[in-house]
Amino acid sequence: MATAEAARSTRRAGTPLVPEPSRTWPSSLKWALLIPVLSTLASWFAQYPHGMWLGIPLTFFTAGAAAVVVGGLWHRGGAATVVCIGTFVLAFFAGPALYEVYAKQAGEAVDAVVTATGQRESIRHKPLESCTVAEPSGAVHHISQQQNCFGQFRTGQHVTLYKDPAGLLEPFADTPGNRAPDITGLAVTAGLFALTGAGVFLAGQRRR
């Protein structure tokens, strides 16, 4: 009786009550899935030619939404900082890791030869490694770091190009016969996805 009377007194005084965790978990779970999923999608979009123009704004939008919900609506400033950082880091790792898995598992393997190596200048005027490879059919591809040219290939070296069946993504280059994806990249992506989602969910359960 005393507890019920105290609760009624609190309501009459106009003091807001913290929602019970049992009532907040649906919205917490919704945002815990939505934030990392949007970050992953943004990173995936950035793998397409000119996809940066969609991926980068979506990444900032996702981080902003996380800051508003976790920090503004739920009043968990520390958690909001962690989640926003996790959103940006996830967007950095997820796309390349998924791109490699998709290319190697679903792509058409085509033999090619490296005809030239060098560097090109990025839009920020930084040197980036690049390779030129040629297929036996005569098709020539300019491979960037995004397609796995980091200076490890040499002129005249045989490589395998994994070409997107849909023809939308640039081919991914690797040494012949190496279809195994980078486990480290996938593990980091999965960990960041789980960390970001867990941070959002726990903040939602402890909202003020």
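Residues are numbered from 1 along each chain as its sequence is written, and side-chain values use heavy atoms, with hydrogens and water left out. Because the model is predicted, local features need pLDDT of at least 70 and side-chain atom pairs count only at pLDDT 80 or more, whereas totals for chains, interfaces and linings use all residues.

The protein contains five helices and five strands, where helices (H or I, at least four residues) and strands (E, at least two) are DSSP runs numbered from the N terminus. From the N terminus on, the order of these elements is α-α-α-α-β-β-β-β-β-α. Of the 208 residues, 37% count as buried; buried means under 20% relative accessible area, exposed over 50%, and partly exposed in between (1.4 Å probe, protein chains only). Among contacts (heavy atoms within 4.5 Å) between residues at least 6 apart in sequence, 63% join residues at least 24 apart.

Two packed helices are described by the angle between their axes and the distance between the axes. The axes of helix 3 (residues 52-73) and helix 4 (residues 77-106) come within 9 Å and cross at roughly 165 degrees; axes are lines fitted to C-alpha atoms, for helices over the stretch in contact, and angles run from 0 to 180 degrees between N-to-C directions. The two helices are therefore roughly antiparallel to each other, a term applied to angles over 145 degrees. On the side of helix 3, the residues that meet helix 4 include Phe 60, Ala 63, Ala 67 and Val 70. Their partners in helix 4 include Val 83, Cys 84, Phe 88 and Ala 91.

Most residues other than glycine have a negative phi. His 50, in the loop between helix 2 (21-45) and helix 3, has a positive phi of about 65 degrees although it is not a glycine. This residue is exposed, with a relative accessible area of 69%. In the loop between helix 3 and helix 4, His 75 likewise has a positive phi, of about 60 degrees. His 75 counts as partly exposed, at 42% relative accessibility.

Helix 5 comprises 23 residues (residues 183-205), which at 1.5 Å a residue should span 33 Å, and its end C-alpha atoms are 33 Å apart, in agreement. The expected span is 1.5 Å times one less than the number of residues. Asp 182 caps the N-terminal end of helix 5, with a side-chain oxygen 3.2 Å from the backbone nitrogen of Thr 184. Buried residues of helix 5 include Gly 185, Leu 192, Val 200 and Gln 205.

Conventions. Polar contact = N/O pair within 3.5 Å; in protein donor to acceptor, adjacent residues only side chain to side chain. Parallel < 35°, antiparallel > 145°, perpendicular 65-115°, else oblique.
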